Amino acid sequence: MMVHAPVQATARYIDNFQMQRDIEAQRQAELGSNQGPSFFLAHGLERPRSRPDGAANRTPLVVPKLEVARRSEQKLSAAAGRAAETIAKVLIPHGLQVYRGDRAVTRAIAQNNLVHLCETTVCYIPYITSTGNGRLVVKMTNFASGIAVATRDGIHYRDVMPMLNTAMERNMFRILGVHTDSDGRVVGIDPKFTANGIAWSVENLKALTDACKRKVAC
């Protein structure tokens, strides 16, 4: 899928694969208009059908925003599920508990023309701090740009610059550490997992699990 408009304007999500098929159909149609029947008999090609007005048949390329959002959510949820399984396999043998996220996907950027950007919770990892309990929240976004600001309510994103070609977006782990009380309620941010208030952003899964083993064990 490709966005053929600046992010400030109304986005039109384009079906790249269908566009390539249509380009090939148009190429074949143009080839047919320049070659006689003997060419097709010799090469075994079927003459492309055209509409009565002579225009090549085209499939509409603009994908509805609801369908774009649905595809994005499904893809991110599946990726988060695979990541949660890998994290659990690595960390549980080190004595860490890993609770898988509920796979719910939310819109990380509340703009109607950026419906392909979303976030989900991969897993929770409880740990003990010198001052009490803590919980590591591992989230995943399907965009790598911007900064993740750590808050008690979750992660807020700033300065996100999405790719105009959405196929080039890549997933990113966003890691937030929080202090919790005896009832599991969040009472503050754990600065071990922030840099000047910015939550960690990690692209590599091994880097994430290695950091968890070091920091959570502290």
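How many residues lie between E8 and E9 in the hairpin they form? The legends below refer to a predicted model.

**View 1. Strands E8 and E9 form a hairpin.** Two residues lie between E8 and E9. E9 covers residues 154-158 and runs antiparallel to E8, with five bridges joining the two strands. Ile147 stands opposite Arg158 in E9. Thr151, in turn, has Gly154 of E9 opposite it.

**View 2. Strand E8 is largely enclosed by the rest of the structure.** The strand spans residues 147-151. Of its five residues, four are buried, so the rest of the structure largely encloses E8.

**View 3. Phe143 and Tyr157 form an aromatic pair.** The structure holds three aromatic pairs. In the pair shown here, the ring centres of Phe143 and Tyr157 are 5.4 Å apart and the ring planes are at 75°; planes over 60 degrees apart count as edge-to-face, so this pair is edge-to-face. Phe143 is in the loop between strand E7 (132-141) and E8, while Tyr157 is in strand E9, so the pair ties together parts that are 14 residues apart in sequence. Both Phe143 and Tyr157 are buried.

**View 4. Tyr127, Phe193 and Trp200 form a cluster of rings.** Which residues do ring pairs link into a cluster? They are Tyr127, Phe193 and Trp200. A pair of aromatic rings is described by two values, the distance of the centres and the angle of the planes.

Terms used:
Residues are numbered from 1 along each chain as its sequence is written. This is a predicted model: local features need pLDDT of at least 70, side-chain atom pairs count only at pLDDT 80 or more; totals for chains, interfaces and linings use all residues. Side-chain values use heavy atoms; hydrogens and water are left out. Buried means under 20% relative accessible area, exposed over 50%, partly exposed in between (1.4 Å probe, protein chains only). Two strands pair if DSSP finds at least two bridges between them. Rings of Phe, Tyr and Trp (its six-membered ring) pair if their centres lie within 6.5 Å; planes under 30 degrees apart count as stacked, over 60 as edge-to-face and the rest as tilted.
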